Amino acid sequence: MAELALNGGTPSRNKEMVAWPMHGREEEERIAEVVRSGEWWWGRNVREFEARYAEYHSARHGITCSNGTIGLII
């Protein structure tokens, strides 16, 4: 068995790591739109995101959360 990269072995990944988060101008423009609107939590953009996210995942509902802990509680 090869030595783990963590212990000085050679990494065995097949692809180069990509920069994250990956976003473009469209995402930047949408974020700026939300910031300018002042509708951070229950605004039109949030409702649209929830609906589109649910549809993408073939789910009946999509619910945004303020953080991962709240998501786990829900």
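Mentor: Start with a contact: Arg-30, Glu-33, Val-34 and Ser-37 in α1 meet Arg-44, Asn-45, Glu-48 and Arg-52 in α2, where contact means heavy atoms within 4.5 Å. These residues divide into 1 nonpolar, 2 polar and 5 charged; Ala, Val, Leu, Ile, Met, Phe, Trp, Tyr, Cys and Pro count as nonpolar, Asp, Glu, Lys and Arg as charged, and the others, Gly among them, as polar. The model is predicted, with pLDDT of at least 70 needed for local features and 80 or more for side-chain atom pairs, while totals for chains, interfaces and linings use all residues. Numbering runs from 1 along each chain as its sequence is written, and side-chain values use heavy atoms, leaving out hydrogens and water.

Trainee: Why are α1 and α2 called oblique to each other?

Mentor: Helix α1 (residues 25–37) and helix α2 (residues 44–56) pack at about 140°, with axes 10 Å apart. Under 35 degrees is roughly parallel, over 145 roughly antiparallel, 65 to 115 roughly perpendicular, and the rest oblique. The pair is therefore oblique.

Trainee: What makes Glu-50 a residue with no salt bridge?

Mentor: A salt bridge needs a side-chain nitrogen of Lys or Arg within 4 Å of a carboxyl oxygen of Asp or Glu. For Glu-50, the nearest side chain of opposite charge, Arg-47, is 7.0 Å away.

Terms used: Axes are lines fitted to C-alpha atoms, for helices over the stretch in contact, and angles run from 0 to 180 degrees between N-to-C directions. Helices (H or I, at least four residues) and strands (E, at least two) are DSSP runs, numbered from the N terminus. Buried means under 20% relative accessible area, exposed over 50%, partly exposed in between (1.4 Å probe, protein chains only). Lys and Arg count as positive and Asp and Glu as negative; His and the chain ends are not counted.
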